[in-house]
Amino acid sequence: MKRIAMISTGGTIAMQADASGLANSALGARKLLELANIDRTDITFVEMEYINIPSPHIQIEDLVTLKELVEKAVNEEKVDGVVITHGTDTLQETAYFLDLTLHLNVPVVVTGAQRNSSLTMSDAALNIADSVLVASDQRASEMGVLVVFGSEIIPARDVIKEHKTALTTFKAIDFGHIGHVNNGHCVWTRKPLIHDHYEIGSEIEKLKVAIVPTYIGQDSTMLRYLLNDGIDGIIIEGFGAGHVPQNMVPGIQEAIEKNVPVILTSRSRKGSMLTDTYGFIGSETYLRKMGVIQGEDLTPDKLRIKLLLLLSTHATHAEIKQAYEQHFYL
């Protein structure tokens, strides 16, 4: 008999239309399980209602508590797997935070829905049922935290919300999903090789890390404002393979001189960045020589999650560089 924890946090999957016709939070863990109508005599559920809020309202401290709740479910409730229901807007950040901070030997699955259960053809019930199936498969414990959506199984590190409203919104656009649910079985096709783990330091919720976009005509104004406001770290969403407008360079230099780590990624979502190809002011080579750190193939929001964790444990610049560049650039 498998014991599966069902942890609800709100989001569209927990919403129903009220008298106004607008969707609002309504369902907790028990009601979600009833909605899924899972007919499995070999599974019992531990229902854990954490919060019931739209996912744009989630804060870093909520993620810390959620991580502790998952550990409690495993260590005290002795569950064999965990399913977390979550809003899709910030699901990829929550899943990645848990992937970086949990160190357990049971499957942890995050899922949600694009259509609330009041709508025709809601995807809530299927996603819950599929997630329970994956969470009850011991092989899933070897894959890190997983996102199950539209019957596909995707590593938290790779998952991106690709479409605003489509039912198959979550994808791993570079490498593809690692398995899928079919005919009541988990079909596994590959195993991720990259899986990092970091501790959570004290007062992580007080740290400030900002994401700065690039665009034609962007300058150092935003960077200087952030520095004056006491920013702790900066993620720059650059052009192409890792470039910024030359008028951003002075602001980046000021950040580095103030020992504020600057992590560079790209607004292009596929592929890794270059390191030693271009030499113009603001190029990837120029920025690396300044002390800018290359940000893997991750999205800006995930780079921010990782930097918050590193800063919370007082990681040095060298340790932060190692954490980001070890898999692709060192």
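1. Two strands pair if DSSP finds at least two bridges between them. Helices (H or I, at least four residues) and strands (E, at least two) are themselves DSSP runs, numbered from the N terminus. With that in hand, look for an open sheet of four strands, whose order is β13-β14-β15-β16 and whose pairing is parallel. At its edges are β13 (209–213) and β16 (293–294), each of which pairs on one side only.

2. A word on the source before we go on. This is a predicted model, in which local features need pLDDT of at least 70 and side-chain atom pairs count only at pLDDT 80 or more, while totals for chains, interfaces and linings use all residues. Residues are numbered from 1 along each chain as its sequence is written, and side-chain values use heavy atoms, with hydrogens and water left out.

3. β14 (residues 233–238) runs parallel to β15, and five bridges join the two.

4. Now for the nonpolar cores. A nonpolar core is a set of buried Ala, Val, Leu, Ile, Met, Phe, Trp, Tyr and Cys residues joined through side-chain atoms within 4.5 Å; buried means under 20% relative accessible area, exposed over 50%, and partly exposed in between (1.4 Å probe, protein chains only). The largest core has 52 residues, of which Val 82, Ile 84 and Ile 320 touch the most other members. Helix α2 (residues 60–75) gives the largest share of this core, eight residues. Another core lies apart from it, with 28 residues that include Leu 133, Ile 153 and Val 181.

5. Which strand holds Val 82? The answer is β5 (residues 81–85). Val 82 counts as buried because its relative accessibility is 0%. Contact means heavy atoms within 4.5 Å. Leaving aside neighbours within four places in sequence, Val 82 is in contact with residues including Ala 5, Val 74, Pro 107 and Ala 135.

6. Other salt bridges reach across the chain. Asp 297 and Arg 157 form one, with their closest N and O atoms 2.8 Å apart. This pair links distant parts of the chain, 140 residues apart: Asp 297 is in the loop between β16 and α8 (300–312), and Arg 157 in the loop between β8 (152–155) and β9 (160–161). Are Asp 297 and Arg 157 buried or exposed? Both are buried.

7. Lys 306 and Asp 196 also meet through their side chains in a salt bridge (3.5 Å, N to O). Here Lys 306 sits in helix α8 and Asp 196 in the loop between β12 (185–188) and β13, 110 residues apart. Lys 306 counts as buried because its relative accessibility is 0%. Shared partners join salt bridges into one network of Arg 157, Asp 158, Arg 190, Asp 196, Glu 296, Asp 297 and Lys 306.

Note on methods:
Salt bridge = Lys/Arg side-chain N within 4 Å of Asp/Glu carboxyl O.
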